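Thanks for coming, everyone. Please bring up the structure, and I will walk you through it.

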2 protein chains.
Amino acid sequence: VAATSQRPAKKSFKALFRVYRGDEIALGPGKVELLEHIAQTGSISEAARRMKMSYNRAWLLVRTMNRCFAEPLVLSSRGGDQHGGAQLTKSGRDVLRFYRQLETKFSNATRQPVRELLSRLKT
Amino acid sequence: VAATSQRPAKKSFKALFRVYRGDEIALGPGKVELLEHIAQTGSISEAARRMKMSYNRAWLLVRTMNRCFAEPLVLSSRGGDQHGGAQLTKSGRDVLRFYRQLETKFSNATRQPVRELLSRLKT
């Protein structure tokens, strides 16, 4: 018999940001995380592994980003081949920086209403 | 034969905010819209109709909110009966106000990085 938990419920707040080009999600939390892993590892396959994502899925996300932005965000040295290296372009680094700025400005600006909302929840 | 569109793709940015109590979504865009319609119409069934949502679905959302918050957000005069009236409590009005503050503060604070991100998209 499992004991019923007496701990108070965890209260949390989540914000999700997405950039669209037409119906396509050009950028969102998953793609941003992938960009960061590519920047850190220099490899799409290693970035995919760290996100527990298939290489094909990661490559699809990279292709979508590169298709949606005016300049590609990721360059892979062998056209997406699993064994080649990959790196962010200047445009990729810029986009990553703007997204992080967005998150920081958001957190700083909304601290008070978020705290108010959370404080109204049942413990 | 459909003509191919020559219009540039629509660029857009979306932010989604959610408040959780444990695993449950206490508040999000749908519930906030429902609260506003209840405030405007004084009726869960009319609010549901305006959102093209079944009454049962709307009632479920109201129950979830009332369960997650320390004070109920919605009072319905006949315990949820479709023919009774409904109104926001003081707590419901507060929560709605905080959520709108959150959205406004967010928009004001993030205008610049959002503009930068959108400007990098292909037209």
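Let me begin with a term: two strands pair if DSSP finds at least two bridges between them. Strands themselves are DSSP runs of E, at least two residues long, and helices are runs of H or I, at least four long, both numbered from the N terminus. Now a word on the source: this is a predicted model, where local features need pLDDT of at least 70 and side-chain atom pairs count only at pLDDT 80 or more, while totals for chains, interfaces and linings use all residues. Residues are numbered from 1 along each chain as its sequence is written, chains are lettered from A and ligands numbered from 1 in the order in which they are written, and side-chain values use heavy atoms, with hydrogens and water left out.

Chain A first. It has 4 helices and 4 strands. From the N terminus the order is β-β-α-α-α-β-β-α. Of its 123 residues, 42% count as buried. Buried means under 20% relative accessible area, exposed means over 50%, and partly exposed is in between, with a 1.4 Å probe and protein chains only.

Now contacts, meaning heavy atoms within 4.5 Å. Take those in chain A with a separation of 6 or more: residues 24 or more positions apart account for 49% of them.

Strand β1, residues 11-21, pairs with strand β2, residues 24-27, in the antiparallel sense over 3 bridges. Across from A:Tyr20 stands A:Ile25, in β2(A). The hairpin has 2 residues between the strands, and A:Gly22 takes a positive phi near 65 degrees there.

Over to chain B. B:Ile25 sits in strand β2, residues 24-27. Is B:Ile25 buried or partly exposed? It is partly exposed, because its relative accessible area is 26%. Setting aside residues up to four places away in sequence, B:Ile25 touches B:Arg18, B:Val19, B:Tyr20, B:Lys31 and B:Thr64. Its C-alpha atom is 31 Å from that of B:Glu116, which is 91 residues apart from it along the chain.

Next, a helix residue. B:Asn66 belongs to helix α3 of chain B, residues 55-68. Its side chain reaches the backbone nitrogen of B:Leu73 at 2.7 Å. Beyond four places in sequence, the contacts of B:Asn66 include A:Lys122, in the other chain, and B:Pro72.

How do the two chains relate? Chain A can be laid on chain B by a turn of 180 degrees and a shift of 0.0 Å along the axis, with an RMSD of 0.0 Å. That is the relation of a two-fold axis. The copies are superposed by least squares on the C-alpha atoms of residues with pLDDT of at least 70 in both. And 100% of the interface residues of chain A are also interface residues in chain B, so the copies meet through the same surface.

Now inside. A nonpolar core is a set of buried Ala, Val, Leu, Ile, Met, Phe, Trp, Tyr and Cys residues joined through side-chain atoms within 4.5 Å. The largest has 70 residues, and those with the most contacts inside it include A:Leu27 and B:Ile38. Outside its four-place neighbourhood, B:Ile38 is in contact with residues including B:Val62, B:Val74 and B:Leu88.

Last, cysteines. A:Cys68 is buried at 0% relative accessible area, and B:Cys68 is buried at 0% too. How many disulfides are there over all chains? The search finds 0, a disulfide being a pair of cysteine sulfur atoms within 2.5 Å.

Methods
A polar contact is a pair of N or O atoms within 3.5 Å; within protein, one must be able to donate a hydrogen and the other to accept it, and residues adjacent in sequence count only if both atoms are side-chain atoms.
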